[in-house]
Amino acid sequence: MTAAAHDRESARLFAEAQEVMPGGVSSPVRAFRGVGGTPRFMVEGRGARITDADGNRFVDYVMSWGALALGHAHPAVVEAITRQAGRGTSFGAPTALETALAKRIIAALPAVEMVRFVSSGTEASMSALRLARAGTGRNKIVKFTGCYHGHADALLVQAGSGIATLSLPDSPGVPPSAVADTLTAPFNDLAAVAELFDRHPGEIAAVTVEPIAGNMGLVLPAPGFLRGLRELTRKHGALLIFDEVMTGFRVAWGGAQLIYGIDPDLTCLGKVIGGGLPVAAYGGRRDLMEQLAPAGKVYQAGTLSGNPLAMAAGIATLDELSRPGTYDRLGALSAAVVESVRSAAAKAQVPVQTASVGGMWGFFLSTMPVTDYASARASDAAGFARCFHALLDRGVYIAPSAFEAGFVSTVHDEAALEETRVAFEHAMAAVTAPSRT
Ligand code: KE4
């Protein structure tokens, strides 16, 4: 049985959803526009697997876009949520749970001395930007093409993720005034950043970067790139913001900043720290964070920020992930997946570039190494779509876009890896096979 033959219920649900929600989804990348076909409406996740409305089961490598480092419905997380739900889901008042999760984050990330919780990575990035501008008295920011920091106006410039997937030039509705102070440079291009500082002396508040890019596909920082950003920002009195919404507690317990030994001034977090519930955060130097209201004058607020239900899920998640050996295991699992990708591609004589770091992995169908957005865009997206559907037909669910990353969990087991290996053998053969009529 191939899953493709059974998407009738998803198709019905998709038609119904499109009547009441734009594109039938709550977030664009879910609509399969990057790969074609009917998005699968999911009904249940258990461990490393997810089941769609037609009863097809898949080994899941989307994992709620990286949030589920423990897999679906981990007992410790379910128990924490259930226990808290019975005591109330949100008070709009301080709770000790926020302090507990904040302390765990601060203990893991030495560059983070204080934390403010919000409910999405967009909020975290947007707020960190405001704080950086207030903290430096400067307005300009630098971001990198293909990096995605959520959909706040100032950051929707040459972004990755869904913007890249849909090949959108950026977004209507973002007035030129909102992006007038947003400068861009190619990822891994230090000289371009140095030139921006030379061209705008004393004007750049911050450089914000995904230290390991996951929104143009998985693209690693070139040796010295992050260190170079740290030196350039210090030299010019600007701040360095690491957007670790995806990499935080995903690539290592201390995130990319631990792997590369860099101390950013501010860090954005999300996904894993909520264990599948809406939790994000930004944090960093105490002298900056204490400028936030009500301690300081920089305003940012949120009705459900730090709500006890989400805090309980985040605490349970980090406590499980803090166990010794977790990140060795996640790294080994990702490495095993990309080994399957590489060997299947070699057998099918398909050119491929692969990368993996901690619990993240990715591949491009490309003859040349991918180091930035331009080289990512030059990869074979049509071939990726054929690969995606061949995987789906064989029970493996990866991101429905060539410009996203893959994620494993602590509960991806040998059986899941073997199914993945076999599925990629078929999928890489499908890349070069004549497309299905
Ligand atoms: P959210 O607002 O979606 O919670 O976070 C925005 C964000 C910020 N920074 C980074 C590095 C991110 O990866 C994200 C969100 N990631 C995408 C997946 N590439 C979310 C998936 C989606 O948009 O549906």
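1. Ground rules. This is a predicted model, in which local features need pLDDT of at least 70 and side-chain atom pairs count only at pLDDT 80 or more, while totals for chains, interfaces and linings use all residues. Numbering starts from 1 along each chain as its sequence is written, and side-chain values use heavy atoms, with hydrogens and water left out.

2. Ligand shell. The ligand is surrounded by 17 residues, the closest being Ser27, Thr122, Asn215, Asp243 and Glu404 (near means that a heavy atom of the residue lies within 4 Å). By type, the shell holds five nonpolar, eight polar and four charged residues (Ala, Val, Leu, Ile, Met, Phe, Trp, Tyr, Cys and Pro count as nonpolar, Asp, Glu, Lys and Arg as charged, and the others, Gly among them, as polar).

3. Polar groups at the ligand. A polar side-chain atom of Asn215 is 2.4 Å from a ligand nitrogen, and a side-chain N or O atom of Thr122 is 2.7 Å from a ligand oxygen. Tyr148 uses its backbone instead: a polar atom there lies 3.4 Å from a nitrogen of the ligand. Of the 540 Å² of accessible area that the ligand has on its own, the protein covers 86% (Shrake-Rupley method, 1.4 Å probe).

4. Seven-stranded sheet. The order is β4-β10-β9-β8-β7-β5-β6, in an open sheet with mixed pairing (strands are DSSP E runs of at least two residues, and two strands pair if DSSP finds at least two bridges between them). Strand β5 (residues 140-145) runs parallel to β6, joined by five bridges, and Val142 sits opposite Leu183.

5. Partners of β12. Strand β11 (residues 353-357) pairs with β12 in the antiparallel sense over five bridges, and Val357 has Met360 as its bridge partner. In their hairpin, with two residues between the strands, Gly358 takes a positive phi near 55°. β12 also pairs with β14 (residues 406-407), antiparallel over two bridges; here Met360 stands opposite Phe407.

6. Ala429. This residue belongs to helix α15 (residues 414-432) (a DSSP H or I run of at least four residues). Its relative accessibility is 40%, so Ala429 counts as partly exposed (between 20% and 50%).

Technical notes: Buried < 20%, exposed > 50% of the residue type's maximum accessible area, 1.4 Å probe, protein only. Polar contact = N/O pair within 3.5 Å; in protein donor to acceptor, adjacent residues only side chain to side chain.
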